[in-house]
Each structure stands twice: as structure tokens, then as C-alpha cells.
Amino acid sequence: MKMRLSLAFSALLAVSACVGPPDHAPGKNRQKVSRPATKDGRQCLSDLDKMKARYSFLPEQDFGNGCSQMASVQLYDVGIPVTNVKAVKCDVARALADWTRDTLQPAARKAFGARVVKIESMGGYSCRNVIGRPQAAGNRSEHATGNAIDIGGFLLSNGRRVTVVAGWSGMDDERNFLRTIRGGACKRFQTVLSPDYNAAHYNHLHFDLGRGPYCR
């Protein structure tokens, strides 16, 4: 009887040793898919790891019609949680992490005496044209390749929530904060668009690493 119990326990240990947390679970940087083939791609993921970002590296896919996900990650955290980023290029994620550390947090401390504890994104990859442009070659948005991210608001450590839609023309501290972080983004991204650009951006800040530089 003792021998059978010992064998059963050994078998259980052997099985449990092969079982771990899912590779794509938030908080894990392990991937089921291979790492990027290029040196730049591997360096980008290494940089995200050093920043203690949380992400899952995504398989490369070409969907046709100018839409693709190459060297992209699903992004969960850049030192603080980021919502709703199912796919974005690694370079964009890295620029966002740098901007969060160097611009966003100092601006929040100065304006509100608090830290940002969550970034509310409106998404990265989206297979679509630039808003307002017809379906034609050359009109694809940077979102169509995950080369852009839209930011709609922020949650502060004191419980206050600051949004682009309410704050851009809102109280002075929110107006100044949002314009400061836009200015800092212009040093990290090629194109930065805000409500000052057009009505399509009334509720978010658009950051991308495409053509530029352009900051409005």
C-alpha cells in the first residue's frame, strides 16, 4: 500500500512539473511564439523587459489590403497598467513607456500632486483608413499596422480621473497637464494629434511612429 502511494505521489509531481502559468497571461513576458527575428526587434523586447513592462509578443500576420501586425505586442503595463491595447508595434510600446516615465508622471506630480496609476487607451491596431479619407491606396491609417496608439484618459493615485474629452477645455490644471504631456509626446513620436488638430481627435491623443514630425 505504501509503495502504491509513493508511486502515485511521484507521478503527480512529474505531471505538476510540466504545468505552469499560461504564457500569454498578464504579468508574464514569456511567449508561445518565437521572439522577433531581427536584432532591432529583440532589442525592443529587451528594452521593455528592462522597463518592467508587461506584454505578450504576438505572431506576425499580414491581413492584406495594407493591414498587418508585425513585431507587435499585446500591451498590459508600462510601469503602470494600460488598458485596451490588444496589438501595437513594439517600438510604439517602448516609446509609450519612455513617455510615461519622462513626461507623464512628472507632469502629473506638478499639476495634481499625484501619480498616474492607469493609462486609458482607446486602442492600437485597427485595420482602417485615416478618418475622413476614402478607401484608396495610401489612405491607410498608421493604426492599420499597429504603428499608432490613442490615449483617452488617466486615473490618478488620488482617485481623480482626467480625460481628454473633458479636460482639454476644462479646468486650468487639466488643460495645462494635457498640453504638457502632448508636448512631451512630440519628442518621442513622429506624429502627435490632439483636439487642436481636428474634430476626429476631440476625445483622445494620437501618437504614432510613421511620417513626420508633426505635432498639433
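Modeller: Before we start: a pocket here is an open set of grid points where a 1.4 Å probe fits, with protein on both sides within 12 Å along at least five of seven lines. And keep in mind that this is a predicted model.

Colleague: Okay. What volume does the second largest pocket have?

Modeller: About 160 Å³ for that one.

Colleague: Which residues are closest to its centre?

Modeller: Thr38, Asp40, Gly41, Ala71 and Asp91, out of the 13 residues that line the second largest pocket.

Colleague: And which elements give two or more residues to the lining?

Modeller: Helix H2 (39–50) and helix H3 (90–112) do.

Colleague: How does the lining divide into nonpolar, polar and charged?

Modeller: You get six nonpolar residues, two polar and five charged in the lining of the second largest pocket.

Colleague: Switching topic to threonine 191. Where does it lie?

Modeller: In strand E9, which covers residues 191–193.

Colleague: Buried or exposed?

Modeller: Threonine 191 counts as buried, because its relative accessibility is 9% and the cut-off for buried is under 20%.

Colleague: So what is threonine 191 in contact with, leaving aside neighbours within four places in sequence?

Modeller: His206, Phe207, Asp208, Arg211, Gly212 and Tyr214.

Colleague: Tell me about arginine 211. What lies 2.6 Å from its backbone oxygen?

Modeller: A polar atom of the threonine 191 side chain.

Notes: Residues numbered from 1 in each chain as written. Predicted model: local features only at pLDDT ≥ 70, side-chain atom pairs only at ≥ 80, totals over all residues. Heavy atoms only, no water. Helix = DSSP H or I, 4+ residues; strand = E, 2+ residues; numbered from the N terminus. Buried < 20%, exposed > 50% of the residue type's maximum accessible area, 1.4 Å probe, protein only. Contact = heavy atoms within 4.5 Å. Polar contact = N/O pair within 3.5 Å; in protein donor to acceptor, adjacent residues only side chain to side chain. 1 Å grid on protein atoms, 1.4 Å probe; cavity = no way out; pocket = protein on both sides within 12 Å on 5 of 7 lines; lining within 4 Å. Points joined across faces, edges and corners; volume = space filled by probe spheres on them. Nonpolar A, V, L, I, M, F, W, Y, C, P; charged D, E, K, R; others polar.
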